[in-house]
Amino acid sequence: MNQKPIIPSIIMLITPFLIIGIMIVSILYGTKEISIQTIWQTLSDFDPSNPDHQIIVTSRIPRAIAVIFVGGFSAVAGAIMQGITRNYLASPSLMGVNDGSAFLITLAIILAPGLPPYQMIIISIFGSALGAGLVFGFGSAIKNGLSPVRLAIIGTVIGTFLSSVASAIAMYFQISQTVAAWYNTKIHMIDTQMLLLSIPFGVVGIILALFCARGITITSLGEDIATGLGQKTKLIRYLSMFSVVLLTGTSVALVGKIAFVGLVIPHIVRFLVGVDYRYIIPCSLLIGALFLSLCDLVARFINYPFETPIGVVTAFIGIPFFLYLIRSRGGGKHA
């Protein structure tokens with residue numbers, strides 16, 4: 001299976017230290033620079049009346065933790081989608097999964113304002129399932145609709161449709177500014193309670209992904225080979241997609257839509273570690289977390305003291321990568 005166990009071990013050993021280093025830098029520097037001593041004082045003897053302590057606890061630490069989780073969750077979701085569909089263009093942002101979450105969140109804000117965070121997470125997860133179901137349903141109904149490029153086009157069309165409908169509804173009910181946070185990412189305004197509630201959902205998604213890892217590897221080799229090896233392909237696909245909707249729904253509920261992480265990172269990881277998903281999933285989790293943490297730093301300092309939307313940074317990397325994949329791989333499925 002083209003396994004390279006040494007490289008995954010190196011990645012899993014080194015990457016956590018890099019993530020911690022970036023997290024420390026993220027907490028230290030911002031519009032207001034904060035010393036390492038202040039951070040230590042905040043953690044050891046929190047003073048609610050100290051504005052620096054409040055900034056650290058309510059803004060910078062939640063933000064640093066959120067980008068780690070969202071980056072890892074998005075990368076794993078993209079890796080799973082590429083594996084079970086054998087589609088090198090599959091990712092939550094291109095297959096309507098993100099848009100489905102944001103669409104149902106919009107309806108929830110209108111129909112049931114003031115819902116507690118855990119209910120918003122559940123609604124977002126159902127939205128992910130809605131988006132994925134629509135895209136793969138239409139893809140299955142159209143001739144060659146499940147080919148990589150056609151499925152990406154279907155995903156883009158349905159995603160745009162859901163976004164447009166949500167925007168129109170939001171404008172009608174005059175909540176456009178509230179909804180915009182989920183469509184343009186709200187990485188700078190993390191809800192601490194939402195963050196704490198999101199982690200268990202995401203952890204379940206990761207555990208499920210790891211449980212399915214061997215099955216995803218076999219499924220990615222092709223339907224005939226998987227069946228011949230006794231693989232229960234339908235069960236693996238259902239469990240894997242449940243993991244995807246958990247991870248994506250949690251991410252969108254927490255920070256809104258962030259594109260291209262789930263597209264780019266799995267390809268990089270697959271190049272480094274091979275095609276065995278027992279390595280791809282944990283390495284995608286770590287490298288995705290590292291990638292989005294770096295993007296967050298770039299977004300904060302590229303136009304300092306003004307903050308650039310993190311989606312601009314991920315798109316700057318993701319769009320050329322997307323075009324490269326189409327040019328180099330054409331319409332075929334990955335092996």
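Helix H10 (233-255) gives the largest share of the lining of the largest cavity, three residues. Helices here are DSSP runs of H or I with at least four residues, numbered from the N terminus. The model is predicted: local features need pLDDT of at least 70, side-chain atom pairs count only at pLDDT 80 or more, and totals for chains, interfaces and linings use all residues. Residues are numbered from 1 along each chain as its sequence is written, and side-chain values use heavy atoms, with hydrogens and water left out.

**Largest cavity**
- Helices H3 (51-85), H10 and H11 (261-273) each give two or more residues to its lining.
- By class, its lining has seven nonpolar, seven polar and one charged residues.
- Nonpolar means Ala, Val, Leu, Ile, Met, Phe, Trp, Tyr, Cys and Pro; charged means Asp, Glu, Lys and Arg; the others, Gly among them, are polar.

**Second largest cavity**
- About 40 Å³ of space lies in the second largest cavity.
- Its lining consists of Ile22, Met23, Ser26, Ala64, Val67, Ser293, Asp296 and Leu297.
- Helix H1 (6-28), H3 and helix H12 (277-301) each supply two or more of these residues.
- Five nonpolar, two polar and one charged residues make up this lining.

**Cavity count**
- Two cavities of 30 Å³ or more are present in the structure.
- A cavity is a set of points on a 1 Å grid over the protein atoms alone where a 1.4 Å probe fits but cannot get out.

How values were computed:
1 Å grid on protein atoms, 1.4 Å probe; cavity = no way out; pocket = protein on both sides within 12 Å on 5 of 7 lines; lining within 4 Å. Points joined across faces, edges and corners; volume = space filled by probe spheres on them.
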